[in-house]
Amino acid sequence: MKMAFSHELDETVRSVNEIIKKGIPEVKGLQSTVLDSMDYSVEAGGKRIRPLMILKSYELYRDRTSGRDEFMLPVVHSFMCAMEMIHTSSLCHDDLPCMDGDKYRRGRESTWFKYGEAMGTLCGDALLMYAPEIVAKAYKKQLSEYSGGDKGITQEELNAYSLSFVRALDILMEKSGVYGMLGGQVVDVEMTGKPLTDEQLMFIYKLKTGALLQASLMIGAVLGGAKDEELKRLEDIGEKIGVAFQIQDDILDETSTVEVLGKPIHSDDENNKTTYVSIYGLSDAHKEVESLSKKAIDELKNLPDVNDQSREFLMNLTDMLINRKK
Ligand code: GRG
């Protein structure tokens, strides 16, 4: 990884972590155990790739309309929190004994292993429900502060922002649910221990892993004011990054260590999962990750009329994902 980018990435992840921290609800009240488990699971860290993508894809487009940033940035931050909560929720549920049964995640005990199975399930549920709650509350606050026109934003502009908000929420929900990540996980669970066709394998990878990465690029862009055809291009880029990311995940499951990954290795083998690596072998898997990432980077390079610094960041981030060790 280029030194300058590595430094920029560390700095950006630090600010993303601060944004996420502010979004986690306070641990108090009779339901404090579940609130504590939410804090534990989200604060455990992780690479924060999805919120990073939301922020940077928003920055690709935001300069086009003056006034949008002032109104929209807190809303963008709320979507970054929501996305990390939905992603973390999926990790909580994926680790449960009824799924992969993993005891470690992000370098510490997995949520169910620390809090018990019932609370591990409820933690995932709670994060999932808190995600739309946090974005709705953030948007409501902005609307009440900015309506009336005395802050220099017209009703017409507010209407346009509201449309962007609803579209972003629609993307978040659709790409997380039965037509997105959850749909991919369903086929993954059902096909465990069985041979997969290429079509089934790609369906799982595109949905289970790709959908949230696509959503991240699309949500940022739509809040920044991107047009439909621009969203479509980002959806295609997100799909390529998603499949490459999952194949790299399979490679690391075979080749890495528990210490580096912060979660069990050889989990796919032990859970009887058919993966890209188990079908095509490590060498072809590496080649596919490289080829898909290169295509995604080329497509990012060719996006018209976007902020060059943010484009560069997303290209470097994609390149980093090929060579990631965890
Ligand atoms: C919560 C709507 C909802 C559904 C749950 C259990 C489930 C359905 C889905 C599981 C999806 C899953 C675990 C996909 C794997 C994706 C993947 C490679 C995750 C690891 O992502 P990283 O490497 O993790 O970004 P960190 O820890 O860095 O955040």
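Predicted model: local features only at pLDDT ≥ 70, side-chain atom pairs only at ≥ 80, totals over all residues.

Residues are numbered from 1 along each chain as its sequence is written, and side-chain values use heavy atoms, with hydrogens and water left out.

**Overall fold**

- The protein has 15 helices and two strands; these are DSSP runs numbered from the N terminus, with helices (H or I) of at least four residues and strands (E) of at least two.
- With a radius of gyration of 20 Å, close to the 20 Å that the globule rule gives for 326 residues, the protein is as compact as a globular protein of that length. The radius is taken over C-alpha atoms, and the rule is 2.2 Å times the number of residues to the power 0.38.
- Along the principal axes, the C-alpha atoms fill a box of roughly 60 × 50 × 35 Å.
- Of the contacts (heavy atoms within 4.5 Å) between residues at least 6 apart in sequence, 75% join residues at least 24 apart.

**Inside and surface**

- Buried residues account for 51% of the 326 residues. Buried means under 20% relative accessible area, exposed over 50%, and partly exposed in between, using a 1.4 Å probe and protein chains only.

**Aromatic rings**

- The structure holds 10 aromatic pairs. Rings of Phe, Tyr and Trp (its six-membered ring) pair if their centres lie within 6.5 Å; planes under 30 degrees apart count as stacked, over 60 as edge-to-face and the rest as tilted.
- Trp 112 and Phe 113 form an edge-to-face pair, because their ring centres are 5.5 Å apart and their planes are at 65°. Trp 112 is buried at 14% relative accessibility, while Phe 113 is partly exposed at 33%.
- Tyr 276 and Tyr 280 make a tilted pair, since their centres are 4.5 Å apart and their planes are at 40°. They are four residues apart in helix H13 (residues 276–280), so about one helical turn separates them.
- In that pair, Tyr 276 is buried with a relative accessible area of 10%, whereas Tyr 280 is partly exposed at 32%.
- Phe 71, Phe 79, Tyr 139, Tyr 146, Tyr 161 and Phe 165 are linked by ring pairs into a cluster.
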